[in-house]
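Good morning, and thank you for making time for this item.

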Amino acid sequence: MSKKPKNLVSLNHLPGILLASQAECERWIEAGLIPVAERRTIQRRGRSVEEPMFDPEVVVQLLAQVQAWRGQGDEVGSAQRSHGRRKDSDQSPDDAAHRRRQSILAPVRRNTGIYVAEDIRRIESGRWKPERVFAGYRAVFSQPMQVLPESEPIEIAIEFAFAEPVEVAAVALAPARVERTELAAASEALEGRLIELRDATFAACEQELAGWRDDLETYLDAFEDADERQAILGGIRAALDKLDRVHARHLREAQIREASGYERYAAIFPVARSLNRRFLFLAGPTNSGKTYEALKLAREAETAEILSPLRLLALEHFERMSEEGLPAGMVTGEERVLPEGATHIARTIETLDLHRVVDVCVIDEVQMLGDPSRGWAWTQAMVGAPARLVVLTGAPEAIPLVEHLLAMTGEPLEVKILKRKGRLRVEGVPANLNKLMRGDAVVAFTRRDVHDLRTRLVQSGRTVATVYGALGPEVRRAEAARFRNGEAEILVATDAIGMGLNIGPLRRVVFSTLRKYDGVRDRQLTAMEIKQIAGRAGRFGHHDEGLVTALPDVGGYAQVEKIIGQALTGDAGKLRGKAYVRPNQETVLSASEVLQTDRLGRVLQHLNDTLVAGHPDLRMADMDEMIELATLLDTVDMPILDRLSYSMAPVDGREKLAVELLLDWARQHARDGRVQGPDFGVNTDLLKLEARVKIATSWLWLAQRYPEVFEDLEDVVDLRASLNSKIEEKLVSTSVSHRRKPEDKVRRERGKASQKQRKNRRRRSETDADGMEPLQSRGQQASRKSR
């Protein structure tokens with residue numbers, strides 16, 4: 001007899017049952033490994049959508065086949081067949097027990113309709129951080145109960161905890177491989193114990209409520225006024241209604257946390273957990289050779305991935321590996337260059353492939369773990385990168401946070417401290433802007449200040465290169481090359497030069513200010529920021545030492561020198577505390593189902609508030625702009641995961657035109673199934689050109705995710721190249737003063753003086769000649785009169 005429709009589950013439930021990712025489940029469905037019980041037509045936002053449904057009992061029986069299916073995968077399989085997968089006995093006991101308990105719990109939840117989960121508690125064990133231990137199970141169920149005398153029953157949520165039955169513990173903690181029959185027997189034992197405790201808990205609650213109702217009636221009898229009695233009952237009803245909502249919310253949050261797996265974050269990366277990973281942290285300041293050492297390890301490996309914070313760095317790594325003859329590829333948010341047989345792939349860190357197993361994975365600039373907006377990508381890479389050796393590079397200040405994060409996975413960490421190559425010294429006097437020397441870099445922190453400094457330097461006759469965040473990577477690279485090869489004497493830049501950009505023979509860093517606006521407030525630079533920027537001075541192989549100073553406008557130089565000196569020689573603030581995370585697609589879908597809404601803005605806001613609240617190791621990344629975009633995108637009739645992709649596009653929420661175009665693209669996508677490329681001119685001012693490059697980049701980012709919808713790929717690539725060329729043309733044309741040199745001016749003035757003198761002599765001679773004739777006539781007249 002077939003299962004009733006109400007007992008079937010959707011695709012979103014399969015990862016929790018099979019302990020796999022949704023992408024894996026989709027592949028196995030396409031391959032026919034997971035049978036589809038039936039297909040249902042459901043309504044989503046006014047559209048009829050056909051969705052496959054699955055028999056959970058059949059799916060549970062497939063759990064034992066998951067490892068074999070993974071071993072047959074195209075990418076992972078070859079590496080796993082040659083090196084072998086770790087067996088249950090090789091995994092950490094806690095992780096293996098957790099996976100088995102999840103397998104035991106799945107049929108119990110389905111059969112009873114009771115939400116039951118592992119009870120993980122924090123125990124203060126005297127170690128450097130609290131220990132998380134399994135304490136049994138906790139269950140939540142709702143039951144209609146009569147609370148007030150002579151009233152209708154209301155739904156009450158009841159929660160209770162209980163110890164793990166002995167027969168269940170024997171299976172969960174078994175040192176050998178566990179068979180399906182043993183898991184089924186453990187599920188039956190747990191289900192029986194759960195029902196027994198549920199009934200006992202309900203009976204106890206009923207008994208307590210009966211006694212409470214008797215006490216309430218006795219209390220109300222003391223009031224003769226019926227209105228007073230009704231007022232008291234009304235207040236109690238209002239309180240019960242509020243209590244019911246609180247219990248319902250608690251139940252929803254518990255369900256979402258359990259479905260997402262974020263309570264045990266490391267477990268949601270099964271491929272990484274299947275490898276015997278080890279970590280090497282090459283920690284050192286700028287110009288210490290840490291990136292060189294890391295890339296050397298990557299080049300020597302048979303397969304490698306290099307994760308960078310910037311598209312520009314990914315491009316440089318790709319070109320360098322290609323020049324060395326390695327079969328290299330590159331993946332960024334806007335482009336994929338993957339030749340057949342590529343073994344070494346350079347990526348931006350957000351594009352990490354969680355299923356491609358490699359020998360070495362390099363994670364660059366690991367101190368970005370502390371970045372509220374993008375730190376989630378470094379957390380994901382550290383915990384989930386499927387590599388046998390994970391090489392971290394970054395500032396030593398990140399060591400505590402790295403150690404804290406790896407305590408979640410229990411993987412070994414080796415730290416190698418590298419020293420700076422070459423001395424770095426703070427000058428004893430401030431720099432004069434009009435007397436800067438070739439090879440100096442002036443640092444500001446706003447686009448306006450950069451262009452103001454640039455203009456002043458150009459007017460004084462200097463050639464200038466410019467680098468700031470609003471410029472596209474291609475333009476930044478071209479400007480850095482102009483400075484590197486000597487076409488520009490001075491570099492004016494923001495802190496964009498502090499991360500990886502190859503700027504060559506930079507001799508001295510000159511701070512124009514020690515304050516910056518970080519998107520929230522105006523504040524003083526941190527010691528780590530000063531050290532990162534100043535460290536670009538004195539590139540090894542070009543200068544014996546690097547110099548650091550500031551302009552007089554920064555303030556009293558004695559204090560400025562002290563601040564910079566302490567930042568360079570002292571310990572910068574260590575990165576400590578919790579690591580940033582962001583909800584993935586599976587979590588968003590689970591939350592949407594539990595909350596019974598497909599309003600993405602509401603779902604993201606709920607996850608932002610609750611997903612890792614109270615977690616000892618994790619905290620939510622800054623999602624404010626993403627939530628704002630999602631709320632706007634909820635007006636577009638498209639699936640929730642598509643709206644999620646659009647909300648993650650690299651769009652500046654402060655740019656009104658960019659946001660309007662994003663919404664227009666989403667509407668075209670939903671209505672026509674095709675999105676037209678932007679059609680911009682290139683003859684405009686610099687500010688608009690920069691904005692248009694960002695918009696074209698956002699379009700290309702979405703095109704990578706929807707290639708059949710965003711078809712004008714080559715045209716938009718060409719458009720962005722034209723816009724970047726125009727920006728570079730404008731920067732170059734205005735980077736050199738068009739005034740004459742001083743010696744030319746002196747010669748020109750001398751020539752003007754000589755010409756003026758000749759004109760004056762000619763004018764005087766003509767005047768004298770004109771004056772002689774009337775004088776002679778008067779003389780002649782006088783002589784005639786005398787006669």
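Let me begin with helix 11 (290-300) and helix 12 (311-323), each of which supplies at least two residues to the lining of the second largest cavity. Please keep in mind throughout that this is a predicted model. Which of the helices gives the most to that lining? It is helix 12, with three residues. The space inside the second largest cavity is about 40 Å³.

How many cavities of 30 Å³ or more does the structure hold? There are three. The largest cavity has a volume of about 60 Å³. Its lining is formed by P285, T286, A395, P396, E397, M528, K531 and Q532. By class, the lining of the largest cavity divides into four nonpolar, two polar and two charged residues.

I now turn to the strands, starting with strand 7. Strand 7 covers residues 278-283, and five of its six residues are buried. Which strands does strand 7 pair with in the parallel sense? One of them is strand 13, residues 387-394, through six bridges. Within that pairing, F279 stands opposite V390 of strand 13. Strand 7 also pairs in the parallel sense with strand 14, residues 413-417, in this case over five bridges.

What does strand 9 pair with, and in which sense? Strand 9 runs parallel to strand 11, residues 344-348, and four bridges join them. In that pairing, M330 has A346 of strand 11 as its bridge partner. Strand 9 runs antiparallel to strand 10, residues 336-337, with two bridges between them. V331 stands opposite R336 of strand 10. Strand 9 and strand 10 form a hairpin, and four residues lie between them.

Is Q102 buried or exposed? Its relative accessibility is 8%, so Q102 counts as buried, the cut-off for buried being under 20%. The side chain of Q102 makes a polar contact of 3.1 Å with the side chain of E118.

The other residue is F483, in helix 16, residues 473-484. F483 counts as buried because its relative accessible area is 3%. Which residues does F483 touch, leaving aside those up to four places away in sequence? They are G439, D440, A465, A488, E489, I490, L491, I503, P505 and L506. As for I503, it lies 20 residues from F483 in sequence, and the C-alpha to C-alpha distance between F483 and I503 is 6.9 Å.

Thank you for your attention; I am glad to take questions.

Definitions and conventions: Residues numbered from 1 in each chain as written. Predicted model: local features only at pLDDT ≥ 70, side-chain atom pairs only at ≥ 80, totals over all residues. Heavy atoms only, no water. 1 Å grid on protein atoms, 1.4 Å probe; cavity = no way out; pocket = protein on both sides within 12 Å on 5 of 7 lines; lining within 4 Å. Points joined across faces, edges and corners; volume = space filled by probe spheres on them. Nonpolar A, V, L, I, M, F, W, Y, C, P; charged D, E, K, R; others polar. Buried < 20%, exposed > 50% of the residue type's maximum accessible area, 1.4 Å probe, protein only. Pairing = 2+ DSSP bridges. Polar contact = N/O pair within 3.5 Å; in protein donor to acceptor, adjacent residues only side chain to side chain. Contact = heavy atoms within 4.5 Å.
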